[in-house]
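Good morning, everyone, and thank you for making the time.

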Amino acid sequence: MDLALKDIRRHLGKFVATITGVAMLLSIVLVMNGIYQGNIADGVWLIDNTATDLWVVERERGGPFNESSRMPLDSYKSIAATPGVAQASPFALYTAQRDIGGTRQQFTTVGYDVFGGLGGPGRIVRGRAIAAPHYEMVADQKLGLDLGGRVVLGTHAYTVVGVTRGAVDSAGNPLIYLSLPDAQEVQYQQDNRALAAARSTNLKRLERAGYPPEQASRLLPLLSTAGDTVNAVLVRLAPGADATAVAAHIRDWLYFNVYTTDEERELMLAGRLRMMSAVLGLFRALLMAVSIVIIALIVYVLTIEKIRSIATLKLIGAPNWVIVRMIMEQSLALTIASFAVAYGLRELIVPGFPRTLTFLAGETAATFAVMLAGGVLASLMAIWHALRTPPQLALGG
Amino acid sequence: MPVLEVDGVSMTFGQGEHAVRALKPATFSVDGGELAALLGPSGSGKSTLLLAISLILEPTTGRISLNGREVYDNGPTGVDVRAFRRQNIGFIFQQHNLIPFLTAQENVALVMQLNGAGRRQAARRATELLGFLEIAHRADALPANLSGGEQQRVAIGRALANEQRLVLADEPTAALDTERGGKVMALLRRIARERRSAVITVTHDRRMIEGFDTIYHLDDGSLTAVTRTEEGRREGRAIG
């Protein structure tokens, strides 16, 4: 006879209320699992989806994602000449915020050599890749743009010729791909007042250095370096080339930092994602602990409520395992039902969630296993109390 | 042949100068078919004797034999006490103590299932037993929906579920009015006679005294007197 289920049937309201409450907490845990993995997936998406073997960045820098990195535009030419390098391409990226489709949206712009260079969009779900040197863009569908849509960035309007799905930066913001010159123009473009101020400052410097005003005016354009830098150079190795040797060569002879894709990934996980992951992990652990404590308290209260029945069971000769099983089954029933409802709630939450949620079956199973273990733990206090209850408690009025 | 033999059973709580002698050595026996009462004021040792007989509390000294098997001889005899209780002793309580989330039939069947009976077999036998107790029509009711008398009948059914030869009842009529109490006493007598069980009832309910065969008087922890009632004399029981 299943005493636990019969007791649950009698206290159905209390069980349903507990299951609802715990399920809400657990659904948050499950969604946080999704945020946690989504955070990692977003964080490394661009690294994983940029078809390159090596990332060459500014010396002593951990760029281009964790730290800013600036390199001369033409540095890719000397890198391309390194033994073992099949192709080297300039690469630029920066975060921007603009009005798109009537709402203020944050996105990251990627600039790349659109004529066969590395770093372009991997999989275009609609349309085509950029084929013109200027004024075309590939945008992620998260921005709400469609083919033929036009976006004004700086002084020019750019036409969407291709749409990607799930192309995001490390913060989960959608990506826009532009040709390198367009990306640089948008990135370094200054307004007229800023340009005038820079010119005036440079002019004064030249005059202080002893150049007559007429000569200083002629030298001014040479001081402007805007648009001459990129953030990284992407390298594709020649077949059979040793990545370590090529990286060492670039480091030693060209004075840049070089990371393989795996190292760049590690930089991201250990850097920008570490704190976020730690916070999410802490919250997940806390919420699970709270859920287990709630289940423990409910199971304990339910046990105390039937302590006279437990004493009677002992008196009429019920073995201890009957009592232990009753309490543990109730605890596990609460845990399993709560998890099932939480899983259903998660499925309801996912479609409208504003961030990328990535669920791993193994992690969901691990959460379930932890909760099951918690359910067993939760029943221990009640079991301890029940086993200490003397059978003679059943006697008397 | 006696179902229960109690020989010099005593109970002392605590040790040294703090020791409290709750029960002085008591010797008596109860036959199958006999309805006996332990009568005495509060604190006289009735419940202590009941707990000692059922081995819920381990006696300090003495010997207890049930169904011819020695279950205590100045110390445990290696009997699995809880299993032995389940198989041989039925309990009836003042407050009935039915499991509140089980129906009347399930309360009775539970004891059989604990003793190894299959679910269907236990359910069938429980229904038969409730029929014997004239309460089969309430088999599916939860205890909360039964009257006090009905609950006590179900509790009696539970005490008989494993055909226990010894039934111990703790104030079974205290919570009932005279009419219902009388019916319970009649039922206990019927059980003793028809099932040849020894029924021992702790009581200080003097309304029901005449219904017993033998009355053991307890006072201040001592078994002071044994009375054979008219009913007992008709049954031809000797005092012993």
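I will go through a surface patch, a pair of helices and then some salt bridges.

Please keep in mind that this is a predicted model, in which local features need pLDDT of at least 70 and side-chain atom pairs count only at pLDDT 80 or more, while totals for chains, interfaces and linings use all residues. Residues are numbered from 1 along each chain as its sequence is written, chains are lettered from A and ligands numbered from 1 in the order in which they are written, and side-chain values use heavy atoms, with hydrogens and water left out.

Now to the helices of chain B. Two packed helices are described by the angle between their axes and the distance between the axes. For α5 (residues 148–160) and α6 (residues 178–195) of chain B, the axes come within 10 Å and cross at roughly 20°, which makes α5(B) roughly parallel to α6(B), a term used for angles under 35 degrees. The crossing in which α5(B) passes α6(B) is right-handed.

What is the count of salt bridges over all chains? The count comes to 18, where a salt bridge is a side-chain nitrogen of Lys or Arg within 4 Å of a carboxyl oxygen of Asp or Glu.

In chain A, Arg61(A) and Glu58(A) form one at 3.7 Å, N to O; Arg61(A) is partly exposed at 28% relative accessible area, and Glu58(A) is partly exposed as well, at 23%.

In chain B, are Arg193(B) and Asp213(B) buried or exposed? Both are buried, and their salt bridge has its closest N and O atoms 2.7 Å apart. This pair links distant parts of the chain, with Arg193(B) in helix α6 and Asp213(B) in the loop between β8 (198–203) and β9 (214–219), 20 residues apart. Elsewhere, salt bridges that share partners join Asp7(B), Arg63(B) and Glu70(B) into one network, and within that network the side chains of Glu70(B) and Arg63(B) meet at 2.6 Å, N to O.

Conventions:
Axes are lines fitted to C-alpha atoms, for helices over the stretch in contact, and angles run from 0 to 180 degrees between N-to-C directions. Helices (H or I, at least four residues) and strands (E, at least two) are DSSP runs, numbered from the N terminus. Angles under 35 degrees count as roughly parallel, over 145 as roughly antiparallel, 65 to 115 as roughly perpendicular and the rest as oblique. A crossing is left-handed if the near helix is turned anticlockwise from the far one by less than a right angle, and right-handed if clockwise. Buried means under 20% relative accessible area, exposed over 50%, partly exposed in between (1.4 Å probe, protein chains only).
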